[in-house]
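Notebook open, structure loaded. I want to look up a pocket and a couple of residues.

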Amino acid sequence: MSSDIDSEHDAPSSEILPPEGESGSPARGITVASDILPTTLHILPVTDRPFLPAQAMPLLLDEAPWMETVEQIGDTAHHMAGLLLSGADEAAASTVDDFASYGTVVRMHNPMHAEGKIQFIAEGRQRFRIVKWLSKQAPYVAQVEYPEELQRAEDADQEKAYAMAIISTLKELVTLNPLYSEELKIFLDRFNINDPSSLSDFAAALTSAETASLQDILETLPVLERMKKVITLLKKELELAKLQAKIHRQVEQTMGEQQRKFFLREQLKAIQKELGIAKDDRTADVERFRERLDALQVPDAAMQRINDELDKLGILETGSPEYSVTRSYLDWITALPWGNYSADILDLEHARKVLDRDHEGLEDVKQRIVEFLAVGTLKGEIGGSILLLVGPPGVGKTSIGRSIADTLGRKFYRFSLGGMRDEAEIKGHRRTYIGAMPGKFIQAIKDADTSNPVIMLDEIDKVGASFRGDPASALLEVLDPEQNRDFLDHYLDVRYDLSRVLFICTANQLDTIPAPLLDRMEVIRLAGYITEEKLRIAKKHLLPRRLRDAGVKRGQLKLSDAALRHLIEGYAREAGVRALDKQLGRVVRKAVVKLVSGEKGPIRLGIEEIEENLGKPLFAKERMLSGVGVVTGLAWTTMGGATLSVEATLVHTKNRGFKLTGQLGDVMRESAEIAYSYVASHLADYRGDSQFFDEAFVHLHVPEGATPKDGPSAGVTMATALLSLARQQKPLQPLAMTGELTLTGQVLPVGGIREKVIAARRAGIRRLILPEANRRDFDELPDHVRKGMTAHFAEHFSDVAAVAFRRR
């Protein structure tokens, strides 16, 4: 970009006006380009405060939206632009509706661009008013006029008096803040101080007034009225400057007093030390550490190490780096609760009450926890156990861990392993590193101030690995009851007993947890909630908490059961209740707006009001596809169970072929190929035309192609769809199935039975086909989940076909 913007050019076309102060008619002869004001201007935005005619300062703009505008300004003979205040949050987002009607025409000097920014010096010339927008898109161009500033002869004396008042106030400001003197010098170089218009604009630009006040100054054309407004702003600025100076003096005085007291204290310490009535920092530290040890039961090996470090501390200089390292180490190791254990509350009745109070449903999970506590009650202590709570997000894994701690009366400490990639987070940093600290487990013990807290390791399935080590491998020592009694933290470098700690881990899935680590944990699965359970949770827990947090009394807002059920099924269909809690929060907030606006309570919300507040339901009622070659399967996801339709169709009979679509993973593609091979080779056994697949080109599709899918449990579903196509017979509806298929037709077991049964129940499907090996999983489901469900168990695909194609 050209930087010689100050060079003179030939006069532009006739769209020019004489500058302010000259006669109304254009000057005769040659006119210098710098002395003319164009009636057509390119417009640039300013957002923080308006630019006034008396100002000259650098401006910074984003290059992307304004580069073209600046280049077009540089191509003009006058190099002038109009600066208008924009009401948009960002200059790039400005539209013609955001611009003020009055602005300042400026001359652009030394434009430069680098690193995505444009910088130039803007020299203010005169105020202008927008007459008409010639371009309403960037680069903005407008036709402007330069309104005459009104000065009456009879106001000359008043203007002179106000000018003297403004100059007097500026002198006071310069005395209080020397930064004003530099701007004053620049002004005096460019303007006559006896010009009241320029003086008032300059004085206003010096203030830190609000944007609206400065824009008002810019739009005020009568000079006397403008000077009255400016003197008011200057007086406020003067008061502010005086207050800042006063605060500065007070701070300096306080700091001086603090320094004086510091020197006096140091002198007092020296005198007390000479008289033997005070101790130095080293002695005080050693005595404090020994006082801590008197109340602890430290093992001999650790005590020997502590004594060695105390002896070393006694001979080190307090100013040496080694002294700080040793002192920090002793501060950590003596702050640990060696031998301090909290007493457990081993009362099963109390445990059931706490679990029932905090959680609705989950009866099988509660029973597992009560059984776990019963074993501890019989032994007299609970320790050396690692529980793993597995389930979709929002089902209450973390809150269950907190409830277990409340049940036992233990301290609770939680930290997340999600994204952890450094082994030192688990086992600590060695003391040779600057800023070394113990690992998370030692920090948890210190914060809990007891050696047997409940420590929750959240998101253990999301532990990462990097060049810093593998945290999952470091957890093997911590989570092994045979090893953690002698846990060695790299920072402490002494053994600490973690065998009495109750570890509770949470995960969304087991696939990413290393097998050796998973082997050390007792797995408790938490499946998703069905609609009835969510309804009870919303009524007993979520809604009362939302009302309490919003300050709404129970009688002021009424939600019918039908409205809650519609909210659950239409807006919060996931396995957990986190989305349900968020939607209830939205409903309560909208009700609060009505109450604050004066609407008389109670506010009653039904289905129509729910849709009015939350919009149309996010989840439409699941529509089961039906027809020849269409079968409904059941799938497991990290968000819970889901129904999955499989479609098979005949494309043509010109040649044999098999096509798969639906963004299927490798395992699912193999299941489809196995299903195709089995059905094609045994078609005659199932009353189909054995020659069908010899000439048929078959297309198998799993809908919702944008969603990746994988897993082995769709084998029987795909085989049934292919058999339905070959026999040209619709399968029994409504029916859902799951199971892995082998080449010999055996139906193998799959996981996630509870989640899949809940998904089928939610979709209104009451008839299921499950692998025979999963009969136990189905039988262990709670009664309210199995109620009304009919399950057929299959060992071989012939059992599946017998149910799917039996006559109604």
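Before I call anything buried or exposed, my cut-offs: exposed is over 50% relative accessible area, buried is under 20%, and partly exposed is in between. Also a reminder to myself that this is a predicted model.

**Entry: Glu-608.** I looked up Glu-608 and found a relative accessible area of 67%. That is over 50%, so I put Glu-608 down as exposed. Glu-608 sits in helix H20, residues 607–614.

**Entry: Arg-754.** Is Arg-754 buried or exposed? I get a relative accessible area of 10%, which is under 20%, so Arg-754 counts as buried. Arg-754 belongs to helix H24, residues 753–762. Leaving out residues up to four places away in sequence, I listed what Arg-754 touches: Asp-364, Ala-527, Gly-528, Glu-533, Leu-781 and Pro-782.

**Entry: second largest pocket.** I read off about 740 Å³ of space for the second largest pocket. Its lining has 29 residues, and the closest to the centre are His-359, Gly-396, Ser-399, Arg-545 and Val-577.

Which element gives the most to this lining? I found that H12 does, with six residues. H12 covers 397–408, and I noted the others that supply at least two residues each: helix H10 (348–358), strand E14 (502–507), helix H17 (531–550) and helix H19 (578–596).

Last, I sorted the lining by residue type: 13 charged, nine polar and seven nonpolar.

Methods: Residues are numbered from 1 along each chain as its sequence is written. This is a predicted model: local features need pLDDT of at least 70, side-chain atom pairs count only at pLDDT 80 or more; totals for chains, interfaces and linings use all residues. Side-chain values use heavy atoms; hydrogens and water are left out. On a 1 Å grid over the protein atoms alone, a cavity is a set of points where a 1.4 Å probe fits but cannot get out, and a pocket is an open set with protein on both sides within 12 Å along at least five of seven lines; lining residues have an atom within 4 Å of a point. Grid points are joined across faces, edges and corners, and a volume is the space filled by probe spheres set on the points. Helices (H or I, at least four residues) and strands (E, at least two) are DSSP runs, numbered from the N terminus. Ala, Val, Leu, Ile, Met, Phe, Trp, Tyr, Cys and Pro count as nonpolar, Asp, Glu, Lys and Arg as charged, and the others, Gly among them, as polar. Buried means under 20% relative accessible area, exposed over 50%, partly exposed in between (1.4 Å probe, protein chains only). Contact means heavy atoms within 4.5 Å.
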